[in-house]
Amino acid sequence: MNLLARNLVLSFETSCDETSVAVIENGNQILSNIVATQIKSHQRFGGVVPEVASRHHIEQITSCIEDALTEADVTYDDLSAVAVTYGPGLVGALLIGVAAAKAVAWAHQLPLVPVNHLAGHIYAARLVEPIEFPAMALVVSGGHTELVYMPEENRFQIIGETRDDAAGEAYDKIGRVLGINYPAGKPVDELAHQGKDTFNFPRAMDSDENFDFSFSGLKSAFINTVHHADQLNESLSKEDLAASFQQAVVDVLSDKTVRALREFPVKQLILAGGVAANKGLRDRFTSDLAAFPQTKLELVPLSLCGDNAAMIGAAGEMLYRHGERADATLNADPGLEFDWLKDEIK
């Protein structure tokens with residue numbers, strides 16, 4: 001097989017607590033996707049400690065590169081480009097990936113492609129099947145809840161975002177109240193399927209005309225309910241608490257997205273990000289999208305919902321074809337938004 005006929009991208013993802021390096025072919029085929037997780041290191045702290053995450057990235061990045069190339073059965077000479085997440089994320093963690101990617105690109109005279117982490121989550125769908133435009137994506141992760149409209153490839157417009165806590169953050173915070181260790185998303189989801197929505201927690205901004213989200217009030221209502229019961233020495237069902245919380249999250253995410261689909265008809269809706277692995281959310285979207293036969297629902301596979309370099313490679317190959325390049329001055333941008341590739345909706 002002629003390797004020169006392929007676009008092979010070596011990609012890096014170190015925005016938080018996963019050290020990941022992948023080799024992606026033509027933006028849609030995973031040749032390797034090495035992920036070194038740090039969850040056990042952070043669990044005893046109840047969340048990600050930035051300094052600890054950075055140290056783990058330093059320890060893991062070199063072996064991840066070697067494993068990714070070995071598993072893909074390619075060498076540096078076979079590569080077309082190097083892609084890397086440069087934001088948003090933890091600044092120290094991002095710097096490790098950016099430094100490693102710049103070193104590889106410089107040493108092997110390869111183009112360096114900067115990738116927005118959220119664009120990576122969206123383009124993870126490309127690893128399943130082609131994205132059909134116009135498209136829309138709901139990115140729901142630990143630190144982000146974004147509703148993104150994409151009229152065509154490499155054009156992004158945020159039409160809705162969280163104004164405070166992201167959905168994933170809210171899950172982790174109420175998980176601590178329930179005695180669930182970080183990360184709490186999956187255990188809360190499992191508990192929710194054993195209970196009923198009996199607490200009727202608030203659906204903040206659900207009826208507002210905009211497409212923005214807010215989960216801080218929901219989180220506070222949940223915590224206040226539990227603390228009030230504790231003061232009265234009352235016992236509440238953890239299953240019903242989890243079910244009530246999750247139902248409130250799912251209702252708002254789904255209601256806002258459905259309204260957005262009516263205003264911006266699209267061929268494809270992508271559900272992406274770590275919280276997109278939530279079974280309750282996936283079931284609800286599968287049900288609601290039945291009312292939109294013209295829109296295909298693309299659920300990013302569970303294995304690609306969390307942070308990984310394969311999604312960065314999928315987005316990076318697309319950006320590479322569109323001429324996006326960075327040089328040795330590329331730096332981590334922890335507060336990066338979609339502004340650098342935003343365009344007006346037309």
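**Sheet packing and aromatic pairs**

Helix α2 (residues 50-72) lies across β1 (8-13), β2 (18-25) and β3, and runs at about 25 degrees to β2. Helix α3 (residues 91-107) packs on the sheet as well, where it touches β1, β4 and β5. Contact means heavy atoms within 4.5 Å; helices (H or I, at least four residues) and strands (E, at least two) are DSSP runs numbered from the N terminus. The model is predicted: local features need pLDDT of at least 70, side-chain atom pairs count only at pLDDT 80 or more, and totals for chains, interfaces and linings use all residues. Residues are numbered from 1 along each chain as its sequence is written, and side-chain values use heavy atoms, with hydrogens and water left out.

**Sheet**
- The open, mixed sheet has five strands in the order β3-β2-β1-β4-β5, two strands pairing if DSSP finds at least two bridges between them.
- Its edge strands are β3 (29-37) and β5 (112-116).
- Strand β4 (residues 81-87) runs parallel to β5 and is joined to it by five bridges; Val84 has Pro114 as its bridge partner in β5.

**Aromatic pairs**
- The whole structure holds eight aromatic pairs (Phe, Tyr and Trp rings, the six-membered one for Trp, with centres within 6.5 Å; planes under 30 degrees apart are stacked, over 60 edge-to-face, the rest tilted).
- Tyr123 and Phe156 form a tilted pair, 6.2 Å centre to centre with 55 degrees between the planes.
- Tyr123 lies in helix α4 (residues 117-123) and Phe156 in the loop between β7 (145-150) and β8 (157-161), so the pair ties together parts 33 residues apart in sequence.
- Tyr171, Phe199, Phe201, Phe222 and Phe245 form one aromatic cluster.

Notes: Axes are lines fitted to C-alpha atoms, for helices over the stretch in contact, and angles run from 0 to 180 degrees between N-to-C directions.
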